[in-house]
Structures are given as structure tokens and as C-alpha cells.
Amino acid sequence: MPKISAPTIAAHRAQTRERILDAVAALTRSQGIDEISMTDVAAEAGITRTALYNYFPDKPALLLAFTEQVTSGFVERYRQELPTDATASERLSAFIRFQLEGIAEHPHPDAAELGASLGPDAYQALADHVAPMQALLVGVLREGAGTGEFAPLAEEPTARLILALIGSQRVPLLREETTPESAHELVTAFTLAALAPRA
């Protein structure tokens with residue numbers, strides 16, 4: 001198996017951990033999160049199963065770490081790619097686009113299936129890890145209502161509805177019945193129409 005060279009033990013562990021999470025990312029694209037096994041991850045990362053368990057004791061722990069990485073990447077991309085003077089509508093459109101691209105990039109089952117697979121405790125931890133993304137969306141809705149772009153609706157419930165709309169495109173995307181671009185156009189148009197201020 002390929003060795004990972006690093007100047008210190010801490011650097012070696014960091015490189016190995018990154019390699020493991022890269023393996024999870026590759027496997028989600030080829031077979032989906034629910035089908036991944038620890039054996040698959042170890043083989044993809046080029047390490048032994050014993051070595052893998054030194055980093056992650058089980059699949060839920062591994063998926064939690066991967067989800068945290070994906071969430072951090074999403075938040076960083078959102079903040080870097082949007083100009084500071086972007087309107088709330090532009091921010092909402094970008095949020096929807098990034099979410100749909102994420103579904104296409106890293107296929108995963110819906111929330112109910114994932115919860116059944118991971119168990120209630122791990123699923124709650126998973127929900128906590130993705131909370132920053134929902135907080136971003138709530139902030140966009142609050143900004144839009146403040147500027148008059150959006151109707152002044154309750155932000156938290158509205159954010160959940162928008163996330164459900166995005167999630168409705170998961171199966172069509174995975175079955176290649178639509179594309180991220182088409183799904184983005186549909187969800188964004190529907191969402192902006194629903195949020196339009198009432199006369």
C-alpha cells in the first residue's frame with residue numbers, strides 16, 4: 001500500500017485523515033453514501049482497515065467528519081464566490097445552486113433513510129453539523145425581507161421549505177432526469193415567486 005510521508009507524526013496523521021475523507025468523497029460519487037463500507041474506504045485510501053479504525057471508530061463517525069468537511073467547504077465557497085454587494089435574490093440563487101451541485105457531486109439518501117442508517121444519535125449530530133448552512137439561508141431571507149426584496153415571512157419555517165424544495169430534486173438528479181442547471185432554474189424561479197412581496 002502507498003505510504004504517506006510527512007515530517008512529523010501530527011502531519012502524518014493529518015495527511016492520512018485528509019486521504020480518508022478524499023476517499024469518502026470519491027466513493028460518494030461512484031456508489032453513494034449509504035452503500036459505502038469501511039472496507040471500501042480503506043481500500044480507496046490505500047490503508048488497512050485497522051489503520052482506518054484508528055481514525056474513525058465506525059461509519060457514522062466517518063460520515064460526520066465528511067459532512068463537517070463538506071459543510072465547511074460550502075460555507076467558504078458561498079462567502080468567497082459572492083460579491084459583497086450581491087442582492088438577497090442573488091445570494092439565494094447562489095445558495096440553491098451550490099446545494100444542488102453538492103447533491104450531484106456527493107449523492108446521498110434522503111433524511112429519513114440516512115437517519116435509519118445512522119441511528120438517532122448520529123443523525124442528530126449530522127443535523128447539527130449542517131446547521132451552519134441553514135443559518136446562511138435564514139440570514140439571506142432576513143436580509144431580503146429587510147430590503148423589501150422578499151415578503152416578511154417567518155425565516156426558520158421558510159428556510160425549511162426552501163431546503164425541502166432543493167431536496168425534491170435529489171432523486172431526479174441522481175437518476176439523471178434533470179441537470180443541476182435545470183434544477184437550479186426551476187427551484188430558484190419557484191422560490192423567488194413565492195417570496196415576492198405582496199402588493
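1. The UniProt record, in an unreviewed entry, places the feature "DNA-binding region" at residues 37-56; UniProt positions are given here in the numbering of this chain, feature names are shortened, and annotations may be inferred rather than shown by experiment. In the model, which is predicted, this span is 75% helix and 0% strand, and its end C-alpha atoms lie 12 Å apart. Tyr55 falls under the charged end of R13, which sits over the ring of Y55 at 4.3 Å from its centre; such a placement is counted if NZ of Lys or CZ of Arg is within 6 Å of the ring centre and within 35 degrees of the ring normal.

2. On the basis of the values, residues are numbered from 1 along each chain as its sequence is written, and side-chain values use heavy atoms, with hydrogens and water left out. Because the model is predicted, local features need pLDDT of at least 70 and side-chain atom pairs count only at pLDDT 80 or more, whereas totals for chains, interfaces and linings use all residues.

3. The protein chain holds 10 helices and zero strands, where helices (H or I, at least four residues) and strands (E, at least two) are DSSP runs numbered from the N terminus. Of its 199 residues, 39% count as buried, that is, under 20% relative accessible area, with exposed meaning over 50% and partly exposed in between (1.4 Å probe, protein chains only). The chain exposes about 10800 Å², of which carbon and sulfur atoms supply 55%, the areas coming from the Shrake-Rupley method with a 1.4 Å probe. Among contacts (heavy atoms within 4.5 Å) with a separation of 6 or more, residues 24 or more positions apart account for 66%.

4. Helix α5 comprises 18 residues, 88-105, which at 1.5 Å a residue should span 26 Å, and the 25 Å between its end C-alpha atoms agrees with this; the expected span is 1.5 Å times one less than the number of residues. Its buried residues include A88, R91, L92, F95, I96, Q99 and I103. An α-helix has 3.6 residues a turn, so residues three or four places apart point the same way.

5. Q99, in helix α5, counts as buried because its relative accessibility is 14%. Apart from residues up to four places away in sequence, Q99 touches F74, M133, L163 and I166.

6. T191 belongs to helix α10 and is buried, with a relative accessible area of 2%. Leaving aside neighbours within four places in sequence, T191 is in contact with L92, I96, I162 and L165, and L92 and I96 are themselves among the buried residues of α5.

7. R198 is placed in the segment after α10 and, at 59% relative accessibility, counts as exposed. The C-alpha atoms of R198 and A151 are separated by 6.7 Å although the two are 47 residues apart along the chain; with neighbours within four places in sequence set aside, R198 is in contact with A151 and A193.

8. Most residues other than glycine have a negative phi. E176 is found in the loop between α9 (170-174) and α10 (180-195), and at 70% relative accessibility E176 counts as exposed.
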